[in-house]
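Subject: Structure handover

Hello,

Here is the structure for you to look through. My notes follow below it.

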Amino acid sequence: MEEKHDIVAPVFKAKGKPVSKAKISPRPVVKMRGGNIQLTIFKGTNPSLAAEVVKAVVHYAH
């Protein structure tokens, strides 16, 4: 039996007048692909948290 996990990004809506700021687009730093799993880590991510996530993904992927 195969489990499927989807990551759902939260949606935030601004109230009132939007502030005119330049949009910041997240920049991927690491893209890891193993089998049918793809993991992307973005700039500004906590390194120790990212390492724990990678360990868990690799452990449960095998």
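By class, which residues make up the lining of the largest pocket? The lining has eight nonpolar residues, four polar ones and four charged ones. Please keep in mind that this is a predicted model.

The fold

Read from the N terminus, the order is β-β-α. Strand 1 covers residues 28-34. Strand 2 covers residues 37-42. Helix 1 covers residues 47-61.

The two strands run antiparallel. Six bridges join strand 1 to strand 2. Arg33 stands opposite Gln38, and Gln38 belongs to strand 2. The two strands form a hairpin with two residues between them. In that hairpin, Gly35 takes a positive phi near 65°.

The surface

The chain has 62 residues, and buried residues make up 5% of them. The chain exposes about 6,600 Å². Carbon and sulfur atoms supply 60% of that area.

The largest pocket

Back to the pocket. Its volume is about 690 Å³. The lining is made up of 16 residues. Closest to the pocket centre are Glu3, Lys4, His5, Ile37 and Val57. Two elements give two or more residues each to the lining: strand 2 and helix 1. Strand 2 gives the most, with five residues.

Ala50

Ala50 lies in helix 1. Is Ala50 buried or exposed? Ala50 counts as buried, because its relative accessibility is 14% and the cut-off for buried is under 20%.

What does Ala50 touch, leaving aside its neighbours within four places in sequence? Ala50 is in contact with Ile41 and Thr45.

Thr40 gives another distance to check. Thr40 and Ala50 are ten residues apart along the chain. Their C-alpha atoms are separated by 9.8 Å.

Where to start

I would open the view on the hairpin of strand 1 and strand 2, with Gly35 in it. Then turn to the largest pocket and pick out Glu3, Lys4, His5, Ile37 and Val57 around its centre.

Best wishes

Definitions and conventions:
Residues are numbered from 1 along each chain as its sequence is written. This is a predicted model: local features need pLDDT of at least 70, side-chain atom pairs count only at pLDDT 80 or more; totals for chains, interfaces and linings use all residues. Side-chain values use heavy atoms; hydrogens and water are left out. Helices (H or I, at least four residues) and strands (E, at least two) are DSSP runs, numbered from the N terminus. Buried means under 20% relative accessible area, exposed over 50%, partly exposed in between (1.4 Å probe, protein chains only). Contact means heavy atoms within 4.5 Å. On a 1 Å grid over the protein atoms alone, a cavity is a set of points where a 1.4 Å probe fits but cannot get out, and a pocket is an open set with protein on both sides within 12 Å along at least five of seven lines; lining residues have an atom within 4 Å of a point. Grid points are joined across faces, edges and corners, and a volume is the space filled by probe spheres set on the points. Ala, Val, Leu, Ile, Met, Phe, Trp, Tyr, Cys and Pro count as nonpolar, Asp, Glu, Lys and Arg as charged, and the others, Gly among them, as polar. Accessible areas come from the Shrake-Rupley method with a 1.4 Å probe; for residues, only the protein chains shown count as cover. Two strands pair if DSSP finds at least two bridges between them.
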